[in-house]
Structure formats: structure tokens, C-alpha cells
Amino acid sequence: MYAYVFTTVQTSNEDDQQQIVRETFHLVSKRDDNVCNFLEGGTLIGGADYRLVYRHYATLYFVFALIHQE
């Protein structure tokens, strides 16, 4: 699985970056196709402060982590 990880948290450790990718994939891939494409970020991404916006095409996942501000 290839992924580009952009984050405001300084994670120079590649293991941390891979853990973020794994957690994000786990959150997104287990969802049904008929639910909305927005969900709260995982614990490594920032929890409720972040929203994951994703789209699934065939075997590809496009995921964006956005800061949620009210």
C-alpha cells in the first residue's frame, strides 16, 4: 500500500507514519459503501478535531484529513 502522509504533527519516525496509515485504512475500509464519506479522525490523527473525507474507487482509497473548526 502506497500512501502520502501530510500532517501538522512532526512525525519524523517512519514507524509512526506507517501506524497512521494503518489506522486510517482500518477506519475507512471497514465502512459500508452506502454510508457517508465523512468520519472523525483516529486517535493518532487527532481524534474529534480532525475529519477524514474519503472516496473509494475499485481498489483505491483517496483520504484527506481536515481540521474541524467550529
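**Exercises: a nonpolar patch and its hairpin**

Tyr57, Leu60, Phe62, Phe64 and Leu66 make a nonpolar surface patch of about 540 Å². A patch here takes residues with over 30% relative accessible area and no salt bridge, joining nonpolar side chains within 5 Å; a salt bridge puts a Lys or Arg side-chain nitrogen within 4 Å of an Asp or Glu carboxyl oxygen. Areas are Shrake-Rupley values with a 1.4 Å probe, and for residues only the protein chains shown count as cover.

This is a predicted model, where local features need pLDDT of at least 70, side-chain atom pairs count only at pLDDT 80 or more, and totals for chains, interfaces and linings use all residues. Residues are numbered from 1 along each chain as its sequence is written, and side-chain values use heavy atoms, leaving out hydrogens and water.

**Exercise 1.** Work out which strand gives the largest share of the nonpolar patch.

*Solution.* Start with the elements: they run α-β-β-β from the N terminus (DSSP runs: helices are H or I, at least four residues; strands are E, at least two). Strand β3, residues 60-67, supplies the largest share, four residues.

**Exercise 2.** Is tyrosine 57 buried, partly exposed or exposed?

*Solution.* Buried means under 20% relative accessible area, exposed over 50%, and partly exposed in between. Tyrosine 57 has 47%, so it's partly exposed.

**Exercise 3.** Describe how β2 and β3 pair.

*Solution.* Pairing takes at least two DSSP bridges; β2 and β3 have eight, in the antiparallel sense. Now pick a residue: tyrosine 50 stands opposite isoleucine 67 in β3. Finally, look at the hairpin: two residues sit between the strands, and alanine 58 takes a positive phi near 50 degrees.

Key. Patch = residues over 30% accessible without salt bridge, like charges linked within 9 Å, V, L, I, M, F, W, Y side chains within 5 Å. Buried < 20%, exposed > 50% of the residue type's maximum accessible area, 1.4 Å probe, protein only.
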